[in-house]
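Dear colleague,

I am passing on the model that we talked about, and below it you will find my notes on what turned up. Please read them with the structure open beside you.

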Amino acid sequence: MTPETCPPRPEPTLSFTQGLILGQLSVVLILAAFIKFFIFGEAPSPDAAASLRATERRSRSLAHKQSLLSLRTQGSRSGQTVGRKKSMVLRNPSTLTIGSILTKTYYNVDSHQPESLDWFNVLIAQTIAQFRNDAQHDDAILESLTKALNGTSRPDFVDEIRVTELSLGEDFPIFSNCRIIPIDEDGLSIGHGRFDPAKAARDGTRLQARMDVDLSDMLTMAVETKLLLNYPKKLSAILPVALSVSIVRFSGTLSISFIPSNPSQSTPTMMTFSFLDDYRLDFSIRSLLGSRSRLQDVPKIAQLVEARLHRWFDERAVEPRFQEIALPSMWPRKKNTRGPDEALADAAGTTGRSKGKDIGRELREEARKEVAAEDESRDQGSLRYRRRPKEDDEFSMPGSLPGL
């Protein structure tokens, strides 16, 4: 009987030591590639990044316009108009059309030259200067920023964010090249052909003001926080992070238009504004990672922060998206009236107001006492007439009438 023989096992091609060395080399290569391309990778030039973002924004705008045009063509083929439904029963048509407004203001959208807006720049500069002056004496803006940064959207791996620097700049935006153009219900500009007031009134055309904006300043906000590693246990590692973001340059085209009120739906007049997709926004971002051995100005972090800020701005105020602001009623009201009487009253101070309240209260008390005294004297006079004191010779006979 022959004993059973086991088949020979295949010997491993790599030993344990060789596998360990190979694994360590792969980890080192991955870390080296991460450090080289993620941390120390060269950032693209600002002009190349700006042109790439402008191309992406332009493609989104063109896709939006093409979708609107396709919807219009489908609606025209089916015999239905795509747009806002207008009720001729709930709301009477306005007699003041776009053509009459342009005629009465002597503005020709086809031949009028763009305006410089120098007076508007002065008013805006005064408003911004007052805003900066108020921010120096009040910490409301700092508290609002800290509250917004530490809101409910802050992730768990980020510690409390603290604002360390805030600069509102020293220069002012310059508005120029203002022009009025007609737009349709969807906010798209009408072609460069001859403007037809009658057709504009039928199609629901609105007027839009477009102006160029240019700002070269240094608006800076610096924050400090800590990145928390909560795995495998809570606070396994802590990485201090300092970040400074500065707006260096902004240039673009601002568009402003008004949406009329609708009394049937109780909607007020709305002012809408947005920026065209050809804007330019440049940042200067500085970063600092670590506490002892620090990494300064990591290019990849600057790219991530800049991309996030551009996306935040595009999703809120770049066409086809826009911002709406409800305008208050402009009718004169008593509570909004100001004049010399109010100035004298304000100069008297709060003590004058309290004294005025006390004097009014005393006058009301005196008037109430005088009325009560008059009523009492009247009552006493009538009783005195009815109940006169009788003399000895009066009422001597029972049943006799007085005065007889």
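Phe250 and Phe275 are both buried, where buried means under 20% relative accessible area, exposed means over 50% and partly exposed lies in between, with a 1.4 Å probe and protein chains only. This is a predicted model, in which local features need pLDDT of at least 70 and side-chain atom pairs count only at pLDDT 80 or more, while totals for chains, interfaces and linings use all residues. Residues are numbered from 1 along each chain as its sequence is written, and side-chain values use heavy atoms, with hydrogens and water left out.

The count of aromatic pairs comes to seven, a pair being two rings of Phe, Tyr or Trp (its six-membered ring) whose centres lie within 6.5 Å, with planes under 30 degrees apart called stacked, over 60 edge-to-face and the rest tilted. Phe250 and Phe275 make an edge-to-face pair, with 5.4 Å from centre to centre and 90° between the planes. This pair links distant parts of the chain, since Phe250 lies in strand S4 and Phe275 in strand S5, 25 residues apart. The ring centres of Phe275 and Phe313 are 5.6 Å apart and their planes are at 45°, so this pair is tilted. Here too distant parts of the chain are linked, Phe275 being in strand S5 and Phe313 in helix H7, 38 residues apart. Phe313 has a relative accessibility of 16% and therefore counts as buried. Together, Phe250, Phe275, Tyr279 and Phe313 form one aromatic cluster.

What else does Phe250 touch? Not counting residues up to four places away in sequence, its contacts include Val213, Leu215, Arg280 and Leu281, a contact being heavy atoms within 4.5 Å.

The largest nonpolar core has 23 residues, of which Met211, Phe250 and Phe313 touch the most other members; such a core is a set of buried Ala, Val, Leu, Ile, Met, Phe, Trp, Tyr and Cys residues joined through side-chain atoms within 4.5 Å. Strand S2 (174-183), S3, S4, S6 and H7 each give two or more residues to this core, and the largest share, five residues, comes from H7.

Helices and strands are DSSP runs numbered from the N terminus, of at least four residues (H or I) and at least two (E) respectively. Strand S4 (residues 237-259) runs antiparallel to strand S3 (residues 206-229), with 20 bridges joining them, where two strands pair if DSSP finds at least two bridges between them. S4 is also joined to strand S6 (residues 280-289) by 10 bridges, again antiparallel, and Phe250 stands opposite Leu281 in S6. With strand S5 (residues 270-275), S4 pairs in the antiparallel sense over six bridges, and there Leu254 has Phe275 as its bridge partner.

Finally, there are nine salt bridges, each being a side-chain nitrogen of Lys or Arg within 4 Å of a carboxyl oxygen of Asp or Glu. In one of them the side chains of Arg132 and Asp217 meet at 3.6 Å, N to O. Because Arg132 lies in helix H4 (residues 118-137) and Asp217 in strand S3, the pair ties together parts that are 85 residues apart in sequence. Arg132 is buried at 14% relative accessible area, and Asp217 is buried at 11%.

With best regards
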